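The sequence and the model come first, followed by notes grouped by topic.

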Amino acid sequence: MDVLIADDSEFMRSLLREILEGEYEIVDEAENGVEAIELYNEYDPDLVMMDIVMPIRDGIEATDEITDTDPNAKVIMCTSVGQEQKMKSAIQAGAEGYITKPFQKPSVLDEIENVVAG
Amino acid sequence: MQIDIDSLETYNALARDGAQSAAASLSQLTGIDTHVEVTNVSLMTPSDLEFEYVGGEFSGVRIELGDALDGETLLTFDEEARDVIAETLAPDGTERLQESSIKEVGNIMTSGFIDGWADHLETTIDISPPTFLSGSGTDVLAASAAAEDEQVFVFRSRVESAAEAIDFHILFVPERDSLIEALGPTGEESISFEKLEVFNEMTKHGAEQAAENITTMTGLETDVEVNRMSFVPIDDVPAAVGDRRYIGTVMEFTGKPSGYLVILFDHPSAEAIVDALVPMETDGNWSEMEQSAVKELGNIMTSGFIDGWANVLESSIDHSPPEFVSDMGSSIMSPIVGRMARTQEHAFLLDSMIRTDDDGTFHCEILALPDESELREVLQDLLVERADRTHVDPSEVF
């Protein structure tokens, strides 16, 4: 399964890569919402791990655009934000999962499994 | 019980004038020039107050107040200041004489501090004979505050001298009911004391969440040592943070309230964090990956801190990506204060200190500066019964 990571933090991208490598294929990494949309269109990955707080364009806006273009897109928000209103906004934008940082490897893999299983 | 924030501004100014008067008395008695570094009024618990006196030996006086304003004042000198004053006033004197000199200096300075309050209230404030204090922590803690379990308002002033090692603190802890009565009639803009307490508790919960996030990410067992909400002239904020050098992050948050959140680690703590987060040799030059690790921790701590506000208020608060900073605390705060000072003269400074449980070697400070008028609105709208709804599990929403 192909996964795209979108997070402005180099540190967090490396951490996610460490967790996912071996289980999934990481197609690329985006540093902001605009790059995430571009890379999604380029690679058509099976899953996007999407941060919310990013420069240029945030993760909720990027998710909205990706799911508008591809209603079958699967996006998991992977964020430090634990606000109920943001979670609802993420659902409205089309996200199917939500992981709050800091996370442990099992919770990331469990959430991916849940979302992929539909 | 309602509090008029505008009155707090007046009383803060009175405390500052009082501290200046006390500093002038000290100069007159000893010939040492001093200046008031910072004055603010804080809402805190007695245990947070105790922290003021941890980590050093202090000498000074406690004076109880009565009549128009009940409470007590503590004027304390650190060890160096005590020695300088005692040597100046009673050179070659016995220990008893030197103690007496400190007691009398404290008495005169406290009287100067209190006089302005009495004049403002157009009444008299009785003061007790001074009690000599010596020690640290609870040895010099305000007696009335130590006996209570509720949050208290504390007026704090720090006075320093550029030439001599003079550094003293004046704490004025009025009894709550007495202060509120003295604050006078409240207008429509007043805020209930309960809401201030609840918001302070929410902030403490946010700081605890931030501490938990540090522990989860780094394995360092941390806890919130101090949590206080201060009302301070905006220009005093850099001095309140001090000149210690820090590594940290600055974030702007938008929504209601908007403002800034600054997370500061002292250098050994920042290095401990990077050692725990970045599994490679580091050279102490703050490479991009090291900065990224600090920024990500700041990002996660910020969310832990402000998400509770948003959830209780049923609103959304966004924050910018973190900016990495490495400088003196006052220099980090100055540009933020410069921006905020365009629209406000006073600020609510929410200050939480996180330390390691065991040896206290880890030191992190979280400083939130919400827009003052927006925070007033937030406090007006705050539903006390929702105060425990700080955390939302995504699985409840998804």
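Two residues are in contact if their C-beta atoms, placed from the backbone, lie within 7 Å. Helices (H or I, at least four residues) and strands (E, at least two) are DSSP runs, numbered from the N terminus. This is a predicted model, in which local features need pLDDT of at least 70 and side-chain atom pairs count only at pLDDT 80 or more, while totals for chains, interfaces and linings use all residues. Residues are numbered from 1 along each chain as its sequence is written, and chains are lettered from A and ligands numbered from 1 in the order in which they are written.

**Confidence**
- The model has an ipTM of 0.87 and a pTM of 0.88.

**Where chain B touches chain A**
- Chain B gives 26 residues to the contact and chain A gives 23 residues.
- On the side of chain B, H7, H10 and helix H13 (394–397) each supply at least two residues.
- H10(B) provides the largest share of that side, twelve residues.
- The side of chain B that touches chain A has twelve nonpolar, ten polar and four charged residues. Here Ala, Val, Leu, Ile, Met, Phe, Trp, Tyr, Cys and Pro count as nonpolar, Asp, Glu, Lys and Arg as charged, and the others, Gly among them, as polar.

**Helix H1 of chain A against H10(B)**
- The axes of helix H1 (residues 10–20) of chain A and H10(B) come within 7 Å and cross at roughly 90°. Axes are lines fitted to C-alpha atoms, for helices over the stretch in contact, and angles run from 0 to 180 degrees between N-to-C directions.
- H1(A) and H10(B) are therefore roughly perpendicular to each other; angles under 35 degrees count as roughly parallel, over 145 as roughly antiparallel, 65 to 115 as roughly perpendicular and the rest as oblique.
- From H1(A), Glu10(A), Phe11(A) and Met12(A) meet Glu288(B), Met289(B), Ser292(B), Ala293(B) and Glu296(B) of H10(B).
- The residues of this contact of H1(A) with H10(B) divide into four nonpolar, one polar and three charged.

**Helix pairs within chain B**
- Helix H7 (residues 193–218) and helix H10 (residues 288–313) of chain B have axes that come within 8 Å and cross at roughly 150°.
- H7(B) and H10(B) are therefore roughly antiparallel to each other.
- Residues making the contact include Met202(B) and His205(B) of H7(B) and Leu297(B) and Ile300(B) of H10(B).
- The contact of H7(B) with H10(B) has twelve nonpolar, six polar and no charged residues.
- The axes of helix H1 (residues 5–30) and helix H4 (residues 95–121) of chain B come within 8 Å and cross at roughly 145°.
- The contact of H1(B) with H4(B) has eleven nonpolar, seven polar and two charged residues.

**The sheet of chain A**
- Five strands of chain A form an open sheet with parallel pairing, in the order S2-S1-S3-S4-S5. Two strands pair if DSSP finds at least two bridges between them.
- Strand S2 (25–30) and strand S5 (97–100) of chain A stand at the edges, each with a single partner strand, so one side of each is left without a neighbour in the sheet.
- From one strand to the next, the twist averages 20°.
- Strand S4 (residues 75–79) of chain A runs parallel to S5(A) and is joined to S5(A) by four bridges.
- Ile76(A) stands opposite Gly97(A) in S5(A).
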